[in-house]
Every structure is written in C-alpha cells, then in structure tokens.
Amino acid sequence: ATALGRPAINAGGVVNAASYRPELAPGALASIFGANLAAGVAYWAPPPWPSVIAGVQVKLNGVSVPLLLVTDRQINFFVPLGTATGDAEVVVTTPLGTSSAAVVKIQPTGPGIFFDARSGVGAVLLAGTDRLTTERPPRAGDYLEIYCTGLGAVETLGGTLRRTIVTPRVFIAGREAPHVTYSGIAPGYLGLYQVNVRVPEGLPAGLQPLRVESAGRQSNEVLIQLQ
C-alpha cells in the first residue's frame, strides 16, 4: 500500500518537457516532478486537454493550465502562449491538498528538443518521412524535421500555419545549418514545434550532435545519424 498525502513539487522540479531543463516559455510543454501529485490517479489526456483531471489541476500564476499527463510523480502541462514572461508561481492541487508554490522563470524562448533518454537520439526525422535519422540517415542537401518545444511566440500566416516570430538557428556537428525553411507549431498540435532545415555540405558521417538556438538561448544537444 502507498500512503498518499498533500502534493509536493521537487526542488527545481518544473522543467521543459523535452530537455528537462528549467527553460520554460509561452507555448511550451512543461513537466512537474514531485510526490503525491495526482492523489493516486494516472491518466494521459487526449486533446483538447482539460484543465482538471480527477480533481487534479495545475495553476500558473493563479490560472489553471491544460494538462496532458497526471501521475503521482509527474505532471505534463501546456504553458499558454499568452503567458507573461518573468517569475511565475506553479501550484498543484489534488483532492488531498495543495502544494507549496514553485517559482519558475518564464523566458521569451526556452528551446528543448525531444529525444530518447537511453540513446540520446533526437526526435529528428528525414523530411517527408516518418523515419528517424537512425533509420533513414540524411545526406547533404536533404531536409530535416526537428521536433521540439519552447520556441515562443508565433504569428498566423494564413489558414492554420503558425510561424515563430523568432527564427531559430540550427547547429549540426558544430556548424550552423543556414537554411531554416520553417519554424513554427507543428500542424494540428499545441506546444509541439517543428523546425525544417537543410543539411549543409561537408559534414562528417555517423552520429553527430544537433542543437537549436533561439533568441540566444540554447537547447539541449541531441544526436542524429548522417550519411
């Protein structure tokens, strides 16, 4: 049996859901780590994400935010695009009580690339396929789709296409890839951003590091496979 009680957020436990760094930004997906966060509930919510699941809610500066996942050790939530930058308070409430407030800083951007924690391989696809670079290694001139979060404010370009106001920089094997052809919210999603970039000439083959920089803030580094 597990004794459940008032929720508690770990010190430094509110982080970017992709990088696990304290890099939160408007429009980002974020994670909370702690104890008793869901009063014994475990639920993954399909979109549209609710703000309350079985009496569990997260408030950011007093406003309930959409929830993707609630478990006793982890909650994933969406930082609304209209969230003001600066210090913010995060509080978790369950039927068993309310946590102490965790203070986090909301930055204009806080990029994080999704990745496999065991291998370090990033959520980077050969464009136009559903294959990771480890399955379909790209070569010079091919395009990549990088899936990340925390790229900040967006503008609508007609229809449902929402491009980031700040165009990020992409670095592969230590070199900047100059041709970023798209950076915005992945069509049909919230919180998930997509960056399309062309692989430059002259990069070494094999597993190589990739990172994204937005408004001077750097993402975590992930691995991709090149031909």
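Gly 216 sits in the loop between β20 (206–214) and β21 (217–218). The model is a predicted one, and in it Gly 216 is exposed, because its relative accessible area of 56% is over the 50% cut-off. In sequence Gly 216 and Thr 109 are 107 residues apart, while in space their C-alpha atoms are 8.8 Å apart.

Of the contacts with a separation of 6 or more, 60% are accounted for by residues 24 or more positions apart. The secondary structure consists of 22 strands and zero helices. A compact globule of 227 residues would have a radius of gyration near 17 Å, and the chain, at 18 Å, agrees with this. Its C-alpha trace spans about 55 × 40 × 30 Å along the principal axes.

Next comes the division between interior and surface. Of the 227 residues in the chain, 46% are buried. The chain exposes about 10400 Å², and carbon and sulfur atoms supply 52% of that area. As for charge, there are 16 positive and 14 negative side chains, and the centres of these two sets lie 1 Å apart.

A residue in a strand gives another local view. Thr 181 belongs to strand β18, which covers residues 180–185. With a relative accessible area of 41%, Thr 181 is partly exposed, because this value falls between the 20% and 50% limits. Leaving aside residues up to four places away in sequence, Thr 181 touches Tyr 143, Arg 163 and Asn 196. Thr 181 and Thr 167 are 14 residues apart in sequence, and the distance from C-alpha to C-alpha is 9.4 Å.

The aromatic side chains remain. The count of aromatic pairs comes to three. Trp 49 lies in the loop between β3 (43–44) and β4 (57–60) and Phe 78 in strand β7 (residues 74–78), so the pair ties together parts that are 29 residues apart in sequence. Phe 78 counts as buried because its relative accessibility is 7%, under the 20% limit. Elsewhere, Tyr 20, Phe 33 and Phe 115 form one aromatic cluster.

Technical notes:
Residues are numbered from 1 along each chain as its sequence is written. This is a predicted model: local features need pLDDT of at least 70, side-chain atom pairs count only at pLDDT 80 or more; totals for chains, interfaces and linings use all residues. Side-chain values use heavy atoms; hydrogens and water are left out. Helices (H or I, at least four residues) and strands (E, at least two) are DSSP runs, numbered from the N terminus. The radius of gyration is taken over C-alpha atoms; the globule rule is 2.2 Å times the number of residues to the power 0.38. Buried means under 20% relative accessible area, exposed over 50%, partly exposed in between (1.4 Å probe, protein chains only). Contact means heavy atoms within 4.5 Å. Accessible areas come from the Shrake-Rupley method with a 1.4 Å probe; for residues, only the protein chains shown count as cover. Lys and Arg count as positive and Asp and Glu as negative; His and the chain ends are not counted. The place of a charge is taken as NZ of Lys, CZ of Arg, CG of Asp or CD of Glu. Rings of Phe, Tyr and Trp (its six-membered ring) pair if their centres lie within 6.5 Å; planes under 30 degrees apart count as stacked, over 60 as edge-to-face and the rest as tilted.
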